[in-house]
Amino acid sequence: MNNAFAPVLAALLALSTAFAPGPVAAQATTPIDSIVAVVDEDVILRSELDRAVANISAQYASQPGQLPPRDVLERQVLDRLVLARLQLARARDSGIRVSDGELAQAIESVASRNRLTQDQLRARLVQDGLSYEEFRDSLRDELLIERLRQRYVQSRVQVSEAEIDQLLAVREIGGPEVRLANIIVALPDGATPEDVAAAQKKARDIKSVVERGEIDFAAAAIRFSDAPNALEGGNIGWRALDAIPPAFVGLIQQLKPGEISEPVRGPGGYQLIQLVETREQGTQTLTEYNAQGLLIRATPTVPAEAARQKAQALRDRIAAGEDFAKIAREHSEDTMSRNDGGDMGWFPVNAWGTSVGSQLSQLQDGELSQPFQSEVGWHVIKRLGTREQDVTEQNRRNQAREIIAQRKAEEEFERFMRQMRAEAFVESRLTGA
């Protein structure tokens, strides 16, 4: 699978049958099917699980040794399918919908990010064993689940300025960032001392195997980890040190890139953490623009061409020497800047929209634009100047806000997921489950 394509679609290709209705397709491909799980009033069929497992196996076709034994892989994938069904059912019961237009935009975005046309996207999907209809269904359901998450946490997660101040007082925001991966050896509820000892030994054995070079960390995570990110090779991604639980910061700071921690006991079991790489954050600057502008709106009673002609006439008067501010006050229909003579202040390039931003980037200081159109009408702008602003402190506060919000959102949604799973009837019929 092409590497540029994989990051965007890997999850969809791996779990392409996680959400799509299974019985019809199953009957077409499997003479005799069976139920591998019951989820409330729904079921997950053996054919669905087999297709999802096959998609993951196809991704690792050149490295089959990285995958865990079939029974472990089936359990991991089935857990994902169950959670997906529960979330989809809750989203639909909550009235969350994704329109055909929104789905089309999402598909176009996927194609664009992978530098593919729509036809090339279809061809790539076929190449990866996924029909276009399955892809559309999977993407729609991904969007439904994401909207469920957003709706649930939005009203429950608030971050105050005091919380930001408190975090900044005790942690260094904007310092080094680390890319991490982990492996979790889970412990059951009510684990006995023997269970604990066995889990700890397993974690140490995994660490030894990786350090001897018999298997890399990502492959070990796929084979042995009980974490939800096992099939992603244990990848956690980039994190600022301040976004990491304090109990782990000291441990991570002692590691060099590529090194693995000793097993760490947590609520769910023993964890191995690998420091993959580090990077520094420097001073952050932002280019700001100062400009004057006027707007002539196109309305049902003022056609676009009439609005353009008026904007052109006003532009010609300004170019001939009349005062921009005077003309803006008398004729501009932009209520935000009209009373200030069209003064737009200092702002990032796209703060007034991408149409204005595109024009600004093409002008020189002191230059007057030709009339140009946006979704609201016809504009004329004059670029007055640019400056570089140090936004390091502003970004530090934004990062702190995001760290707190993300942590709260994860906690809230994990609590929601546990409650949803506890309230649901889920019966696994996998052998040995």
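Trainee: Which residues in helix 7 meet which residues in helix 15?

Mentor: Contact means heavy atoms within 4.5 Å. Here Leu148, Arg149, Tyr152 and Val153 in helix 7 meet Ala409, Glu410, Glu412, Phe413 and Phe416 in helix 15. By class, the residues of this contact are 6 nonpolar, no polar and 3 charged. Ala, Val, Leu, Ile, Met, Phe, Trp, Tyr, Cys and Pro count as nonpolar, Asp, Glu, Lys and Arg as charged, and the others, Gly among them, as polar.

Trainee: What do I need to know about the model and the numbering?

Mentor: This is a predicted model, in which local features need pLDDT of at least 70 and side-chain atom pairs count only at pLDDT 80 or more, while totals for chains, interfaces and linings use all residues. Residues are numbered from 1 along each chain as its sequence is written, and side-chain values use heavy atoms, with hydrogens and water left out.

Trainee: At what angle do helix 7 and helix 15 pack?

Mentor: Helices (H or I, at least four residues) and strands (E, at least two) are DSSP runs, numbered from the N terminus. Axes are lines fitted to C-alpha atoms, for helices over the stretch in contact, and angles run from 0 to 180 degrees between N-to-C directions. Helix 7 (residues 132-154) and helix 15 (residues 392-423) pack at about 110°, their axes 10 Å apart. That makes helix 7 roughly perpendicular to helix 15 (under 35 degrees is roughly parallel, over 145 roughly antiparallel, 65 to 115 roughly perpendicular, the rest oblique).

Trainee: How many aromatic pairs does a search of the whole structure find?

Mentor: Rings of Phe, Tyr and Trp (its six-membered ring) pair if their centres lie within 6.5 Å; planes under 30 degrees apart count as stacked, over 60 as edge-to-face and the rest as tilted. The search finds 5 pairs. One of them, Tyr132 with Phe135, is tilted, at 6.3 Å centre to centre and 40° between the planes. Both residues lie in helix 7, 3 residues apart, about one turn of the helix. Phe347 and Trp352 have ring centres 6.1 Å apart and planes at 65°, so that pair is edge-to-face. Ring pairs also link Tyr152, Phe413 and Phe416 into a cluster.

Trainee: Is Phe347 buried or exposed?

Mentor: Buried means under 20% relative accessible area, exposed over 50%, partly exposed in between (1.4 Å probe, protein chains only). Phe347 is buried, at 3%, whereas Trp352 is partly exposed, at 28%. Tyr132 and Phe135 are both buried.
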